[in-house]
Amino acid sequence: MDFGIRGKRALVCAASKGLGRGVAEALAGEGVALVLNARGAEALEATAAEIRARCGVPVETVAADISTEEGRAAVLAMAGEVDILVTNAGGPPPGVWTDWDRDAFIAAFDANMLSAVALMQALVPGMMARGWGRVVNITSRAVKAPLPALGLSTTARTGLTGFVAGMARQVAGSGVTVNNLLPGSHDTDRLRGTDARNAGQKGITVEAQKAARLAANPVGRDGTPQEFGAVCAFLCSQQAAFMVGQNVLVDGGEVNATF
Ligand code: NAP
């Protein structure tokens, strides 16, 4: 299927690795020019070079922390006008609800809520003026089915979800769709780190920890960044023009719910 977005320009945040990189690769495969962001320049440049070589699309890079005002200013200066915005950032650390103080919450809000809001406020008005745009916020399955240890993440992402529920419907009449994409477990550095940490805490092998986790997934495996990226590219397609303000789970059916 041709997604009809060849020649569009996208900003994909937190995209040198993992899910963001999967999204960047999928959009580039559809002929979309990219502006990619991550903090570390080395991995970012390597990812950009591989995508340029494989897909032949222009790929610009901005090494910056997207959770800070200065970082976003640098990214926005490079991005200029974009047709597609994919927001993403690293997730907050796990913990215990009694330990999270104001600073921990503010850091989580900055990374996983306010950063996405600020990027939408900066870029969506231009999309509306031009009559076309796509925004996908990478959030988490935890918005639908909370994981207690990831309470910081859930709290911030649920706030973003509430914001999007209202604003997506305010901008849809101008040809701009805004949706959230909720990853379940995907095989990335972050998940591998989580498995290693949990295995250490339980005193079991990483393999045993991963097997126990996968037993709860109907598909019996983790998703790949490529699968996740393909769903995101569909949400950015012409065909998805009637999807507005949705929270789309990509989790192999792990969240056991009808809606
Ligand atoms: P990952 O494999 O660790 O990759 C994270 C990417 O984001 C890297 O490119 C990293 O590069 C970049 N990044 C992190 N913090 C950033 C920041 N402040 N500013 C700019 N770039 C930043 O992680 P992932 O698994 O793809 O996860 C992406 C998001 O999805 C996270 O918020 C995570 O919590 C969420 N999520 C993941 C899963 C999963 O199973 N993988 C499930 C649910 C939710 P630098 O470190 O160089 O900046």
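The model is predicted, so local features need pLDDT of at least 70 and side-chain atom pairs count only at pLDDT 80 or more, while totals for chains, interfaces and linings use all residues. Residues are numbered from 1 along each chain as its sequence is written, and side-chain values use heavy atoms, with hydrogens and water left out. The ligand lies between domain 1 (9-185 + 224-250) and domain 2 (187-222), because both give residues to the shell around it. Those domain bounds come from an automatic or database domain assignment.

**The ligand and its shell**

- There are 26 residues around the ligand, and Ser-16, Leu-19, Arg-39, Ala-89 and Thr-188 come nearest.
- By type, the shell divides into 7 nonpolar, 13 polar and 6 charged residues. Here Ala, Val, Leu, Ile, Met, Phe, Trp, Tyr, Cys and Pro count as nonpolar, Asp, Glu, Lys and Arg as charged, and the others, Gly among them, as polar.
- Helix H1 (18-29), strand S2 (33-38) and helix H6 (189-202) each supply at least two residues of this shell. Helices (H or I, at least four residues) and strands (E, at least two) are DSSP runs, numbered from the N terminus.

- The backbone takes part through Lys-17, where a polar backbone atom is 3.0 Å from an oxygen atom of the ligand.
- Arg-157 reaches the ligand with its side chain, where an N or O atom is 2.9 Å from a ligand oxygen atom.
- Arg-190 also contributes a polar side-chain atom, which lies 3.0 Å from an oxygen atom of the ligand.
- On its own the ligand has 880 Å² of accessible area, and the protein covers 88% of that. Accessible areas come from the Shrake-Rupley method with a 1.4 Å probe; for residues, only the protein chains shown count as cover.

**Salt bridges**

- Side chains of opposite charge can pair when their charged atoms come close. The rule used here asks for a side-chain nitrogen of Lys or Arg within 4 Å of a carboxyl oxygen of Asp or Glu, and by this rule the count comes to 12 salt bridges.
- One of them joins the side chains of Glu-25 and Arg-54, at 3.9 Å from N to O. Glu-25 lies in helix H1 and Arg-54 in helix H2 (residues 41-55), so the pair ties together parts that are 29 residues apart in sequence.
- How exposed are these two partners? Glu-25 is buried, with a relative accessible area of 14%, whereas Arg-54 is exposed at 52%. Buried means under 20% relative accessible area, exposed over 50%, and partly exposed in between (1.4 Å probe, protein chains only).
- Within helix H6, Asp-189 and Arg-192 sit 3 residues apart, about one turn of the helix, and their side chains meet in a salt bridge of 2.9 Å, N to O. Asp-189 is partly exposed at 46% relative accessibility, and Arg-192 is partly exposed at 43%.
- Arg-221 pairs with Glu-227 in a salt bridge whose closest N and O atoms are 2.7 Å apart. Arg-221 is partly exposed at 39% relative accessibility, as is Glu-227 at 35%.
- Through shared partners, salt bridges join Lys-17, Asp-187, Asp-189 and Arg-192 into one network.

**Single residues to look at**

- Ala-14 lies in the loop between strand S1 (9-12) and H1. Its phi is near 50°, a positive value in a residue other than glycine.
- Arg-72 belongs to helix H3 (residues 69-79) and is buried, with a relative accessible area of 11%.
- Thr-158 is placed in helix H5 (residues 151-171) and counts as partly exposed at 38% relative accessibility.
- Ile-5 is in the segment before S1 and counts as buried, at 0% relative accessibility.

How values were computed
Near = heavy atom within 4 Å. Polar contact = N/O pair within 3.5 Å; in protein donor to acceptor, adjacent residues only side chain to side chain.
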